[in-house]
Amino acid sequence: MSSVIGNNIKISIFGESHGDCVGCVIDGLPAGFEIDMQDVNKEMARRAPGKDKTSTPRKEDDLPKVISGFLNGKTTGAPLAMIIENKNTKSGDYSNLMKVPRPSHSDYPAFIKFGANNDIRGGGHFSARLTAPLVFAGAIAKQILAGKDIFIGAHIKKIGSVCDSGFDYNNIEKELLEHLSSKSFSVIDEKCEELMRCEIEKYRSSGNSVGGEIECAVIGLPVGIGGNIFDTVEGKISSFVFGVPAVKGIQFGLGFGFAESNGASVNDGYEVKNGKIRTLSNNNGGVLGGMTSGAPIVFSVAMKPTPSISTAQKSVNLETMENEELVISGRHDPCVAVRAVPVIEAAAALAVLDLIM
């Protein structure tokens, strides 16, 4: 199992959902960078569970404790290590999953891969609980990028049948991204929040879950970052984003919409404006030939419905090798997309920082 990613900035994530703690080690941060811990804690609070019915009722403080690489408010140049204690665990809720795996979850392949030695409690190392240290690392990356006038923000584009307004691919303002990053329920059209909450409640109250889509943007990158073939901007961002549990798809710009389009209607033309070359449209999501085009990077990810639902599901007993109906207890998000917004921002920030270092 590899829980390490990055070339110039390396991030290692460790821990289990119901272990003593989760945490991360970040290697390659510049020495002397002043971290705004208050801002980091705001990012952590956006992802934290237990706020309302759109998330798991499990309450955790999610207060990071930095244990190395940080002195007098600044990075030292040594690897920066951080832990977050797990305080509100109910491991008994997961005892039946040791032998009856959840459909659409990692339980069965992990059981085979690790010879039944994997920690099943709360999903163990496969749990979305591991996104807490990812948000911590991403919050630091966002601060470093902001110092270079590079800004990142995301919103919930879709939950079930309810859709938010999308980004204008070619014109995304810093103020909009900062506004979205300040919210715990990030939408562009404020009227969509209540509609989305009702959509989530419809599934939650019936013992079910619902999927969603998150759209993320990065502005301020110069032209020519990245490379072709195996060093593309899309590949780098995707590798970080697919480390987020429940992500099952990603597209840049128009993405799969290109398949039903023609070149004349979707090609991104150029113009000279105020002495600078810029694109007339940005259907390619800010990436051409694997390199940044100077337009905003825009991508969206599909988040699958939470596998852990209270509705009875068909499974098997790994001990008796017989079919068995599974009823799941425990505390789970009815829609992971709500709390995943700062996680996707964090993954994007770390990928972009790794690209430009």
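Analyst: Start with the whole chain, which here is a predicted model. A compact globule of 357 residues would have a radius of gyration near 21 Å, and the chain has 21 Å, so the two agree. Along the principal axes, the C-alpha atoms fill a box of roughly 70 × 50 × 40 Å. The secondary structure comes to 8 helices and 18 strands.

How much of the chain is buried? Buried residues make up 50% of the 357. The accessible surface is about 16300 Å², and carbon and sulfur atoms hold 53% of that area. Now count the contacts between residues with a separation of 6 or more. Of these, 73% join residues 24 or more positions apart.

Next, the core itself. The largest nonpolar core has 71 residues. Inside this core, Ile 26, Phe 299 and Met 303 have the most contacts. Helix 8 gives the largest share of the core, with 14 residues. There is also a second, separate core of 9 residues, and Leu 177, Ala 217, Ile 219 and Val 298 are among them.

Is helix 8 mostly covered or mostly open? Mostly covered: 19 of its 20 residues are buried. An α-helix has 3.6 residues a turn, so residues three or four places apart point the same way.

Now take Met 303. Which residues does Met 303 touch, beyond its neighbours within four places in sequence? The contacts include Ala 337 and Ala 340. Val 336 is on the list too. Further back in the sequence, Met 303 meets Gly 211, Gly 212 and Ile 214. Val 244, Pro 245, Ala 246 and Val 247 complete the set.

Strand 3 spans residues 21-27. On one side of the pairing list is strand 2, residues 10-15, which runs antiparallel to strand 3 and is joined to it by 6 bridges. A hairpin of 5 residues links strand 2 to strand 3. Within this pair, Ile 13 stands opposite Cys 24. Strand 3 also pairs with strand 7, residues 80-85, in the antiparallel sense over 6 bridges. There, Val 25 has Ala 81 as its bridge partner.

Conventions: Residues are numbered from 1 along each chain as its sequence is written. This is a predicted model: local features need pLDDT of at least 70, side-chain atom pairs count only at pLDDT 80 or more; totals for chains, interfaces and linings use all residues. Side-chain values use heavy atoms; hydrogens and water are left out. Two strands pair if DSSP finds at least two bridges between them. Helices (H or I, at least four residues) and strands (E, at least two) are DSSP runs, numbered from the N terminus. Buried means under 20% relative accessible area, exposed over 50%, partly exposed in between (1.4 Å probe, protein chains only). The radius of gyration is taken over C-alpha atoms; the globule rule is 2.2 Å times the number of residues to the power 0.38. Contact means heavy atoms within 4.5 Å. Accessible areas come from the Shrake-Rupley method with a 1.4 Å probe; for residues, only the protein chains shown count as cover. A nonpolar core is a set of buried Ala, Val, Leu, Ile, Met, Phe, Trp, Tyr and Cys residues joined through side-chain atoms within 4.5 Å.
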